[in-house]
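Hello,

Here is the structure we talked about handing over. My notes follow below it.

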2 protein chains.
Amino acid sequence: MKNRPDIHAPHGAELTCKSWATEAPMRMLMNNLDPMVAENPEELVVYGGIGKAARNWECYEAIIATLRGMEEDETLLVQSGKPVGVFKTHTDAPRVLIANSNLVPHWATWEHFNELDKKGLMMYGQMTAGSWIYIGSQGIVQGTYETFVEMGRQHFGGSLKGKWILTAGLGGMGGAQPLAATMAGASCMAIECQESRIDYRLKTGYLDTRADTVEEALAIIEKSHAEGKAISVGVLGNAAEILPEMVKKGIRPDALTDQTSAHDPVNGYLPIGWTVEEWFTKRETDPAAVAAASKPSMAIHVKAMLEYHAMGVPTVDYGNNIRQVAFDEGVKNAFDFPGFVPAYIRPLFCQGIGPFRWAALSGDPEDIYKTDQKVKELIPDNPHLHNWLDMARERIQFQGLPARICWVGLGDRHRLALAFNEMVKNGELKAPVVIGRDHLDSGSVASPNRETEAMMDGSDAVSDWPLLNALLNTASGATWVSLHHGGGVGMGFSQHSGVVILCDGTEAAAKRVGRVLWNDPATGVMRHADAGYDIAKNCAREKGLNLPMLDK
Amino acid sequence: MKNRPDIHAPHGAELTCKSWATEAPMRMLMNNLDPMVAENPEELVVYGGIGKAARNWECYEAIIATLRGMEEDETLLVQSGKPVGVFKTHTDAPRVLIANSNLVPHWATWEHFNELDKKGLMMYGQMTAGSWIYIGSQGIVQGTYETFVEMGRQHFGGSLKGKWILTAGLGGMGGAQPLAATMAGASCMAIECQESRIDYRLKTGYLDTRADTVEEALAIIEKSHAEGKAISVGVLGNAAEILPEMVKKGIRPDALTDQTSAHDPVNGYLPIGWTVEEWFTKRETDPAAVAAASKPSMAIHVKAMLEYHAMGVPTVDYGNNIRQVAFDEGVKNAFDFPGFVPAYIRPLFCQGIGPFRWAALSGDPEDIYKTDQKVKELIPDNPHLHNWLDMARERIQFQGLPARICWVGLGDRHRLALAFNEMVKNGELKAPVVIGRDHLDSGSVASPNRETEAMMDGSDAVSDWPLLNALLNTASGATWVSLHHGGGVGMGFSQHSGVVILCDGTEAAAKRVGRVLWNDPATGVMRHADAGYDIAKNCAREKGLNLPMLDK
Ligand SMILES: NC(=O)c1ccc[n+]([C@@H]2O[C@H](COP(=O)([O-])OP(=O)(O)OC[C@H]3O[C@@H](n4cnc5c(N)ncnc54)[C@H](O)[C@@H]3O)[C@@H](O)[C@H]2O)c1
Ligand SMILES: NC(=O)c1ccc[n+]([C@@H]2O[C@H](COP(=O)([O-])OP(=O)(O)OC[C@H]3O[C@@H](n4cnc5c(N)ncnc54)[C@H](O)[C@@H]3O)[C@@H](O)[C@H]2O)c1
């Protein structure tokens with residue numbers, strides 16, 4: 001079927017468009033479809049199920065051609081991956097404005113979306129797929145790292161040294177856990193029922209070693225701790241069988257979570273007593289039987305988690321819906337332990353801290369290493385951040401255009417960006433860089449089952465906030481801005497916005513960067529201050545934000 | 001209870017803010033709450049059920065105070081009627097960005113909205129209430145007038161002489177019906193359950209007379225027709241009780257519609273058998289009970305409309321969602337009669353023609369009369385438009401700041417605005433004017449039961465379009481931009497955006513006006529061209545729009 005050549009963004013400092021402000025989105029769109037980056041480039045699928053970068057190949061070609069012809073005072077509108085219009089604006093306006101997958105609420109279902117998709121009228125943009133700032137698996141490692149670091153901050157005085165985290169699931173996302181844990185200084189015991197998954201994680205270096213039993217894994221961890229080192233160990237088995245055993249035996253982890261695919265009771269969770277082979281067969285021949293067996297198994301799994309929670313072991317749901325399944329199976333206190341966002345991410349969001357990232361349009365890894373160094377210089381007092389940068393350089397391979405992610409917040413983002421812009425200007429970097437973030441950020445998302453679960457004031461579902469975020473980023477002069485629906489949690493369940501800004505070394509860019517990368521995280525602080533979080537209110541006061549009703 | 005003085009926007013050419021770009025939204029917010037404009041100013045309700053201009057009085061005061069203090073390179077964010085932040089942007093950026101009533105789709109219901117509203121976390125912005133460009137009943141008169149004229153054209157050979165239109169609801173919008181009907185040459189019988197509403201329409205001259213019964217009203221109409229004149233008559237009562245009676249008695253109107261606030265089952269529709277007093281009390285004490293009673297009443301109302309439709313009486317839903325409510329109540333053929341947009345308005349939208357409007361910040365009616373004259377000069381070849389301007393001047397009283405509405409499209413809007421800006425510059429007008437439109441316009445709304453009902457390609461529910469419209473207006477330099485949810489048809493059923501731009505006579509304003517008032521209607525032509533309408537495709541070609549996939 002395949003008959004088009006692989007897509008790779010141009011590298012280097014030579015323009016193929018009329019300006020960097022159009023070259024940048026063009027390269028990043030291409031980069032999203034690079035076979036090193038995209039999960040299924042032939043179908044234009046970047047990540048996350050069917051998250052696409054353009055509606056179809058005709059639209060992709062038209063976007064590229066349009067960007068190539070655009071002037072510096074024009075703006076391209078992209079509607080669900082299709083280029084629909086070019087309008088005269090001005091140089092301080094975005095060059096691309098994107099709206100993907102948005103549906104009037106009453107019709108915001110997978111059923112209606114699929115109907116429109118089939119007619120060629122829509123596209124699922126996920127978060128960074130349709131907004132052209134996905135950078136590969138580095139993102140998930142960093143997110144998990146930050147979660148574990150925050151766990152350490154809240155429960156272990158800032159250090160995870162000598163601690164071990166118990167989890168399950170070494171799949172696409174969950175496989176980041178052992179690497180993120182050891183990067184954060186903790187050991188990790190990860191229960192996984194598929195041998196192939198353990199092997200794959202060993203091969204890529206995300207997992208250090210494996211053990212046949214929990215006792216053996218514990219011995220390995222103890223030995224490593226005695227040597228002052230963190231280690232990750234995979235254990236083959238079923239978490240729903242192993243966890244209750246561990247409770248019985250009095251084996252106590254320092255922290256506990258889970259990343260089996262509990263959100264999908266047919267394809268995502270191995271029932272107690274089943275072999276993997278049985279599971280795979282029955283998934284095809286009798287899916288209902290799988291679900292009927294996996295759900296009570298999850299309930300048992302959650303009950304063990306609840307026992308640990310009751311003992312005081314920090315326990316969180318990592319966004320796989322396992323509490324809900326258990327609850328529906330009659331475990332009435334399933335929601336006693338929190339989701340990871342309210343537990344660990346929200347305090348960061350309150351300070352505008354989130355998944356900040358940038359990519360080198362030069363294509364040269366050295367450019368990223370130089371920015372790594374600059375980050376360390378400008379933020380000298382954050383050992384976790386320095387540690388991340390070192391570990392990321394050492395252990396994470398670039399995919400497509402070299403890029404870096406690191407969670408920094410209001411006050412730091414624009415400082416770093418201005419320094420990068422300066423480095424472009426004085427030739428330290430070989431070409432411009434673009435700076436963006438995930439939509440899963442402090443001020444850019446309303447998603448009541450994930451990012452905005454259990455907001456203090458009950459405003460989980462209020463989506464005025466991401467809309468204001470997108471409007472303000474547009475008004476501030478971002479290079480491209482996007483508004484999406486349904487990312488992460490699916491149709492009907494989230495609204496969110498993205499932003500990317502170009503540092504091309506000019507004074508004009510510096511002004512825009514200064515505004516956008518201050519205002520963007522500031523909307524996150526604002527949103528959380530408005531919800532009543534003291535961390536956010538204090539942050540707003542410290543940073544001198546002008547929030548008219550802050551003290552009312 | 002009332003203890004605050006009436007609100008009137010300042011008149012004249014003297015600033016009370018630091019610039020016209022903040023003075024303008026301040027005056028227009030105040031104007032929305034002027035007792036001459038707002039339906040219930042004490043509750044901050046402007047029109048359309050509970051469509052409000054600010055969340056509460058504290059928020060209102062804070063918005064005014066904030067606007068007074070703002071610089072020309074700052075932008076205020078308003079979240080559901082509350083001023084939540086002021087950010088540094090630039091002079092070509094909007095001074096105010098507004099997001100009202102937006103909810104993540106799965107939670108986008110009146111139940112959840114009301115919960116949040118009660119907690120003080122939300123506000124219903126309707127369309128122009130929360131976006132500060134409501135100008136009283138005039139706003140709807142021309143749209144209704146054109147609709148009735150088109151009705152006459154399609155069903156009565158171009159003349160409504162001797163015909164009568166049956167409708168209900170004489171509220172903020174619905175009150176325009178009797179005047180629009182008589183202007184169009186038809187008589188009108190309007191059923192309204194609140195005596196005060198009938199009295200108010202009599203007082204303002206929108207309604208000619210009242211009758212105690214349908215029979216009496218019919219006699220008045222017959223007498224008037226015998227004299228060769230059209231007349232409008234208000235009848236006190238409940239439409240859901242009166243319509244089925246009329247059907248039974250064989251009373252046959254020439255055309256039929258409805259403008260009760262059916263989109264809001266708690267605050268908008270009087271249930272059968274209830275007194276208005278009971279309704280008002282229960283709205284506060286037991287809103288669920290009101291909804292439970294009003295919905296079946298609406299179903300009965302719609303069944304009567306369906307009977308008339310089946311008899312061949314031209315019948316349209318006037319955008320209040322009453323068919324949907326009836327449908328949900330089990331009236332499976334509720335959508336047998338069409339909405340007024342596909343029936344009469346869409347051909348205009350295809351050319352970017354819609355409810356363009358402006359207001360004179362001087363407060364001086366002469367300023368509007370001078371702009372009326374200018375419109376005639378610049379569009380000399382449209383007798384229908386000239387006639388409208390003459391009749392409007394003669395029969396429509398200004399409410400609050402003098403304002404004018406006239407439906408013009410792409411190519412004319414920016415031309416008129418640039419001329420107005422010139423008139424401000426050379427002192428012909430005593431102070432700046434603001435130019436805006438309803439959210440119900442060509443490119444600014446997704447509302448599958450109203451503005452985007454039955455789109456040619458099935459894209460009724462795709463809300464990427466209004467989001468792109470808001471983002472582009474922000475990028476083009478509008479003075480304030482808004483994104484709302486639920487206007488007209490209620491929670492869950494629409495997403496739409498508003499725009500207002502200042503003409504202060506400066507060169508900078510001329511540039512912004514030229515961009516915004518070209519781009520805004522152009523997005524409407526684009527949206528309809530994308531859906532496949534030939535009128536729109538031809539318009540796009542004629543006007544030279546750059547739509548990358550127009551011919552693919
Ligand atoms: N930010 C977030 O909210 C977030 C982030 C990452 C992952 N998640 C969620 O975490 C889950 C995992 O994601 P993924 O991409 O890694 O999924 P995946 O399907 O690729 O991996 C799941 C793994 O769990 C294993 N597994 C299933 N049942 C098991 C059992 N009983 N015992 C031990 N192992 C078992 C499977 O063999 C598989 O390797 C998903 O539900 C995902 O939605 C959420
Ligand atoms: N262009 C459009 O699509 C368009 C234009 C105007 C209005 N509308 C819709 O029309 C509706 C009316 O708007 P409005 O601003 O006039 O609202 P409103 O709330 O000011 O007025 C509604 C009126 O209906 C009366 N009413 C309620 N129930 C009644 C009943 N059972 N019998 C008789 N009268 C009854 C009320 O007393 C009130 O005066 C809204 O749903 C609005 O969204 C749509």
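Buried means under 20% relative accessible area, exposed over 50% and partly exposed in between, with a 1.4 Å probe and protein chains only. This is a predicted model, in which local features need pLDDT of at least 70 and side-chain atom pairs count only at pLDDT 80 or more, while totals for chains, interfaces and linings use all residues. Residues are numbered from 1 along each chain as its sequence is written, chains are lettered from A and ligands numbered from 1 in the order in which they are written, and side-chain values use heavy atoms, with hydrogens and water left out.

Aromatic pairs

B:Y47 is buried at a relative accessible area of 3%, and B:Y134 is buried at 2%. Their ring centres lie 4.4 Å apart with planes at 5 degrees, so the pair is stacked (Phe, Tyr and Trp rings, the six-membered one for Trp, pair with centres within 6.5 Å; planes under 30 degrees apart are stacked, over 60 edge-to-face, the rest tilted). B:Y47 and B:Y134 are 87 residues apart. In chain A, A:W110, A:F113 and A:Y124 form one aromatic cluster.

Interface

Chain B gives 75 residues to the contact and chain A gives 74 (heavy atoms within 4.5 Å). About 6,100 Å² is buried between them, 69% of it from carbon and sulfur atoms (accessible area, 1.4 Å probe, lost by two parts on being put together, summed over both). Two salt bridges cross this interface (a Lys or Arg side-chain nitrogen within 4 Å of an Asp or Glu carboxyl oxygen). A:K82 and B:D530 form a salt bridge at 2.8 Å, N to O.

Regards

Key
Helix = DSSP H or I, 4+ residues; strand = E, 2+ residues; numbered from the N terminus.
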